[in-house]
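Subject: Handover of a structure and notes on it

Dear colleague,

Please find the structure below, followed by an account of what was found in it. I would be grateful if you kept it open while reading.

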Amino acid sequence: MWIEMPIGSMKSEQTAITVHQPAPDDLTLERLRALEKRVLWLSSWIIHNANHLRPKRDGLKVGGHQASSASSVSLLTALFFEILRLEDRIAVKPHASPAFHAIQYLLGNQTRERLEAFRSLGGAQSYPSRTKDHDQVDFSTGSEGLGAGITIFAALAQEYLRRKALMPREVPPGRMIAVMGDAEFDEGNVFEALLEGWKHDVRNVWWVIDYNRQSLDRILDDHLYDRIEGVFRTLGWNVHILKYGRRLQEAFARPGGAELKKWLDSCPNDVYSALVYASGASWRERLRADIGHARGVRALLAEYDDEALARLMTNLGGHDMQCLIDAFASVEDDLPQCFIAYTIKGYGLPFAGHKDNHSGLMSVEQIGALQQALGIPKGAEWEPFAGLGDREDDLRRYLGSHPLATSSERDRQAPRISITERIPTPAGKKMSTQEAFGRILMDLSRTQPTLAERIVTASPDVMVSTNLGGWVNRKHIFGTKPRSDVFSDFGLAGAQRWTVSPEGQHIELGIAENNLFLLLAALGLTAPLFGVELFPIGTIYDTFIPRGLDALNYGCYQDSRFILVGTPSGITLAPEGGAHQSITTPLIGIGQPQLISFEAAYADEVAATLDWAFRQLHDQNGSSVYLRLSTRPVSQPEREMSDDLRAAILAGGYWLVPPREGANLAIVCCGAVATEAMEAYAEVADDAPGIGVAVVTSADRLYEDWSAQDARRPGEQRNPSHVEKLLEPLSPSAQIITVIDGHPLALSWLGGVRGNRVRPLGVTRFGQSGDIPDLYREYRIDSEAIIDAVARACLDGACRRGGN
Ligand SMILES: Cc1ncc(C[n+]2csc(CCOP(=O)(O)OP(=O)(O)O)c2C)c(N)n1
Ligand SMILES: [Mg+2]
């Protein structure tokens, strides 16, 4: 094993990229190379310590990715210590987390304790996490492809703020940088994001591809980069290919060098990887066999001993510090930039290049050998600058004044927009919840201009059908290049005006739901990332939420704040058919952390929940909010929004018809089927006197509150949850009929609260085209089905005299 990190003067060698700026001085390069060694060591040691030195209690392998980290060490060293500016933001590929934490440690932003506790509770996280880590994570990563994708939308969000002068103009725009694995290109969301970025002429994005030609299981297809490069160039990105380091380029210029380059250029990925791993005499044998006959090759090979030859053949651009710095420093414009940096997975470690190295861990002997090679004394493993001799003082000074080291709080503090007025209920006797949402939004610019100015809406090509049309007519579409609506210029009538301007407040996306969620994730982080609070609202057909679910989860995981409106939903959108009718989304609403879901039955509930949602977004302990809406026009109850009603709606439910004390029967409904619940009530009220009808506005809020009370620790005070109080009037043996246009599990858990028997009605099979009466009958959520359930409950004794 050898450590490939020579220190010395490198001047004017040709590199694979065009250099526009002066090369970094020798001292800077020396420092970076020394730091690179430290990052390689610390990232390896963090993992080694977690797996070999910490006591284990559960028999599980702790894990960590020494090979994947080593692959990115040079890239990250160059970026963090020399290239990143304060305003830049970076997504680090998930499996380089140890290298990232090591860099933060050297910058003084990470503690030794947390490194020692890597992957244990409270320690540095296995994948960089905005919310769980304590060092400076700009974007969480973990799910392949999403860390790269979000940088495009963060750049769009930054542009949105700059164009509206919400960010100071004198500060240069930050570059949104992703250091990503090459296998991330297998994820479709990467290409969806690239295309959307192109449509929006996105600037200030850098993607640095750690091109080690390995994924988790395998060696990647040959010449993948040709394809990748083509994609980027087609979409207007600048592409920098950092293929060979300077030593190899120097060798290429010598007799026999052209042959060597030809061989390397056509070498299959698996052969190259196997040779990297085999090392020793293998390179010489193979090169002699393949090109030994060509002029100059034998003589060229003879100049290197085996170790030097292996070092030469692995001298790739992604591990050549000068090559990297030159490439990064060469960028002079704000066009999107792609760096394809050739690397070796496990570079500098004994399993470099091995196809199975993704989860590989160095043995005790191997880490010992690395320690010795790096000159780190025993006992000094955690010392930031161990093994660097007299360079230590210089490095301490260098890092002490580093801008990323001195800014302990990287997240910005955004001034909060004040929300004072309550959102009023839109007037009307009959209305759908979707219509209520559209009208409220339109009215907001009049009733709450300060709030309305900070609202930004987005939709993946369903702006009109999710009822954002009125809002967009008023607020226009965001785009950097103003465009008028050609149809109205021609004097042609049309409901929708398509006016594009930098002042526009709606971001129209193509039909890629992943992009919607990544955009929402980015817009919902503008407060900490750019110091400006926005209120993002994304609308989507409810049934397509699962299409982007991982990206939605990704946004929630990093505590991004947005409002998601799923509409229309359920089989209630009837003629549209089964392909568009959502079933499981109420369960997603309950199950997704950091996303509180509501499903309103009436317009005033929409107003109350939306009002609460805006406040929730900018509450430090808040969350994102999901509203599941419907297009079904529903007769509205005549009622005032009292404080009690509002509180009950927000807590998750209320009695529309209160039950008699000790009642044996109740109907609990959610959303669009409140009408059926009331119809059934009217039918059975005489036979089941005292029966109540409850409306659940948020099964999520009810469940959360109840389970938190139930899960309290011994000695903690017990405050009855809202649902317990709600169900209190019912007799302990009461039966509850639940009904929802969605999966019945969303409500059937109510039986667990006080031990009541539940008869759940809902949709568990795929829907189909039809009208509401037919479909509700077919799927048993009509009033007949509710009445039948009441009858069965009565047969079971729920209507016995003395109870109801
Ligand atoms: C969405 C998703 N699917 C699967 C995984 C499991 N996984 C972890 S790493 C990896 C491949 C990593 O390859 P690459 O991105 O090239 O990273 P590197 O070679 O630099 O380690 C996979 C499939 C994941 N993290 N995310
Ligand atoms: Mg890879």
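In the side chain of serine 68, an N or O atom lies 2.6 Å from an oxygen atom of ligand 1. The side chain of glutamate 144 likewise has an N or O atom 2.6 Å from an oxygen atom of ligand 1, and for the side chain of asparagine 212 the value is 3.1 Å. A polar contact is a pair of N or O atoms within 3.5 Å. Taken alone, ligand 1 exposes 590 Å², of which the protein buries 76%; accessible areas come from the Shrake-Rupley method with a 1.4 Å probe.

Please note that this is a predicted model, in which local features need pLDDT of at least 70 and side-chain atom pairs count only at pLDDT 80 or more, while totals for chains, interfaces and linings use all residues. Residues are numbered from 1 along each chain as its sequence is written, chains are lettered from A and ligands numbered from 1 in the order in which they are written, and side-chain values use heavy atoms, with hydrogens and water left out.

Ligand 1 is surrounded by 17 residues (each with a heavy atom within 4 Å), and the closest are Ser68, Lys93, Glu144, Asp182 and Lys345. This shell comprises 2 nonpolar, 9 polar and 6 charged residues. Here Ala, Val, Leu, Ile, Met, Phe, Trp, Tyr, Cys and Pro count as nonpolar, Asp, Glu, Lys and Arg as charged, and the others, Gly among them, as polar.

Two helix pairs follow; helices are DSSP runs (H or I, at least four residues), and strands are E runs of at least two, numbered from the N terminus. Helices α5 (residues 146-163) and α6 (residues 188-199) pack at about 10°, with axes 9 Å apart. They are therefore roughly parallel (under 35 degrees). Their contact (heavy atoms within 4.5 Å) includes Phe153 of α5 and Leu194 of α6.

Helices α26 (residues 603-617) and α27 (residues 643-651) pack at about 70°, with axes 10 Å apart, and are therefore roughly perpendicular (65 to 115 degrees). Axes are lines fitted to C-alpha atoms over the stretch in contact, and angles run from 0 to 180 degrees between N-to-C directions.

Finally, most residues other than glycine have a negative phi, and most peptide bonds are trans. Aspartate 461, in the loop between β7 (455-460) and α20 (469-475), has a positive phi of about 65°. A cis peptide bond, with omega about -10°, joins threonine 567 and proline 568.

Yours sincerely

Definitions and conventions: Angles under 35 degrees count as roughly parallel, over 145 as roughly antiparallel, 65 to 115 as roughly perpendicular and the rest as oblique. A polar contact is a pair of N or O atoms within 3.5 Å; within protein, one must be able to donate a hydrogen and the other to accept it, and residues adjacent in sequence count only if both atoms are side-chain atoms.
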